[in-house]
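Open the structure in your viewer and keep the sequence beside it. The tour goes one selection at a time and says what is there.

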Amino acid sequence: MFDSGAAVAAALEAAGADLDDAQRQPNGVDLTLDAVFAQTEPGRLGRDGKRVAERRELEPRGDCYRLERGSYVVRYGEPVRIPEERIGFVLPRSTLLRNACTLDTAVWDAGYEGVGEGRLDIGHPIEIEPGARIAQLVLAEADHEGTYDGAYQRENL
Ligand SMILES: O=c1ccn([C@H]2C[C@H](O)[C@@H](COP(=O)(O)OP(=O)(O)OP(=O)(O)O)O2)c(=O)[nH]1
């Protein structure tokens with residue numbers, strides 16, 4: 001069972017998100033684009049530990065990012081807290097898909113709190129304004145043991 005958009009909005013507002021009406025969707029809440037980064041070196045996933053690679057923050061040109069084909073890392077604009085008994089999924093806005101672009105995202109764990117990041121995959125050049133809605137967070141009921149306590153807890157807050 002998935003939460004209603006109103007319930008997702010309440011969870012985000014409890015985490016400090018300042019939502020406008022356009023972000024409130026029937027089944028979730030749209031997340032906005034805060035920053036875009038180009039990775040500048042390899043990262044690393046080891047059997048023990050991991051390292052997120054250095055990246056360079058891109059500047060908008062004029063009023064928007066003008067992104068060429070390729071993979072970028074994005075930071076969303078809203079603080080998120082995934083409530084207990086829930087799991088979060090972030091999906092790309094369909095307008096991204098309709099423009100040959102997408103977001104790749106992973107599981108948002110119960111107890112995670114922070115401003116998350118994802119991979120923006122640009123299949124055709126596109127213009128995106130800072131603050132534009134790019135994704136939608138949905139929350140589903142989920143059993144879990146423990147809550148998120150990893151390296152990204154409280155990231156970007
Ligand atoms: O697309 C996503 C998916 C998740 N998260 C946040 C919420 C999630 O709870 C946290 C950690 O995600 P995950 O467990 O997939 O990361 P990991 O690489 O396994 O790190 P850790 O070892 O800390 O679990 O990052 C994002 O920012 N973006």
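What follows moves from the whole chain to one helix, the loop after it, a pocket and two further residues.

**Stop 1: the whole chain**

Start with everything shown as a cartoon. This is a predicted model. Colour by secondary structure to pick out the 2 helices and 13 strands of the protein. Along the principal axes, the C-alpha atoms fill a box of roughly 40 × 40 × 25 Å.

How does the radius of gyration agree with that of a compact globule? A compact globule with 157 residues would have a value near 15 Å, and the protein has 16 Å, which agrees. Of the 157 residues, 39% count as buried. Next, consider contacts between residues at least 6 apart in sequence: 73% of these join residues at least 24 apart.

**Stop 2: helix α1**

Select residues 5–14, which form α1.

**Stop 3: Gly5**

Stay in α1 and select Gly5, which belongs to this helix. Is Gly5 buried or exposed? Its relative accessible area is 3%, so Gly5 is buried; the cut-off for buried is under 20%.

Then draw a distance from the C-alpha atom of Gly5 to that of Gly28. The two residues are 23 residues apart along the chain, and their C-alpha atoms are separated by 3.8 Å. Leaving aside neighbours within four places in sequence, Gly5 is in contact with Gln25, Pro26, Asn27, Gly28 and Val29.

**Stop 4: the loop after α1**

Follow the chain out of the helix to Gly16. Gly16 sits in the loop between α1 and β1. Just after α1, Gly16 takes a positive phi of about 105 degrees. Its relative accessibility is 53%, so Gly16 counts as exposed. For a distance across the fold, pick Val80: Gly16 and Val80 are 64 residues apart in sequence and 8.0 Å apart in space, C-alpha to C-alpha.

Move along the loop to Ala22, which lies between α1 (5–14) and β1 (29–39). Ala22 is partly exposed, with a relative accessible area of 40%. Apart from neighbours within four places in sequence, Ala22 is in contact with Asp30 and Arg133. Ala22 and Pro130 are 108 residues apart in sequence, and their C-alpha atoms are 15 Å apart in space.

Select Gln23 next, in the loop between α1 and β1. Is Gln23 buried or exposed? Gln23 counts as buried, at 3% relative accessibility. Beyond its neighbours within four places in sequence, Gln23 is in contact with Asp18, Gly28, Val29, Asp30, Thr32, Glu78 and Arg133.

**Stop 5: the largest pocket**

Switch to a surface view. The largest pocket has a volume of about 860 Å³. To find its centre, select Val52, Ala106, Glu117, Gly118 and Tyr152, which lie nearest to it among the 27 lining residues.

Which strand gives the most to the lining? The answer is β6, with 4 residues. At least two lining residues come from each of β2 (44–45), β3 (50–51), β6 (70–76) and β11 (117–122). Colour the lining by residue class to see 12 nonpolar, 6 polar and 9 charged residues.

**Stop 6: two residues with positive phi**

Return to the cartoon and select Glu85, in the loop between β7 and β8 (86–92). Its phi is near 65 degrees, a positive value in a residue other than glycine. Glu85 is partly exposed, with a relative accessible area of 44%.

Finish at Arg154, in the segment after β13. Arg154 has a positive phi of about 65 degrees although it is not a glycine. Arg154 is partly exposed, with a relative accessible area of 48%.

Notes
Residues numbered from 1 in each chain as written. Predicted model: local features only at pLDDT ≥ 70, side-chain atom pairs only at ≥ 80, totals over all residues. Heavy atoms only, no water. Buried < 20%, exposed > 50% of the residue type's maximum accessible area, 1.4 Å probe, protein only. Contact = heavy atoms within 4.5 Å. 1 Å grid on protein atoms, 1.4 Å probe; cavity = no way out; pocket = protein on both sides within 12 Å on 5 of 7 lines; lining within 4 Å. Points joined across faces, edges and corners; volume = space filled by probe spheres on them. Nonpolar A, V, L, I, M, F, W, Y, C, P; charged D, E, K, R; others polar. Rg over C-alpha atoms; globule rule 2.2 N^0.38 Å.
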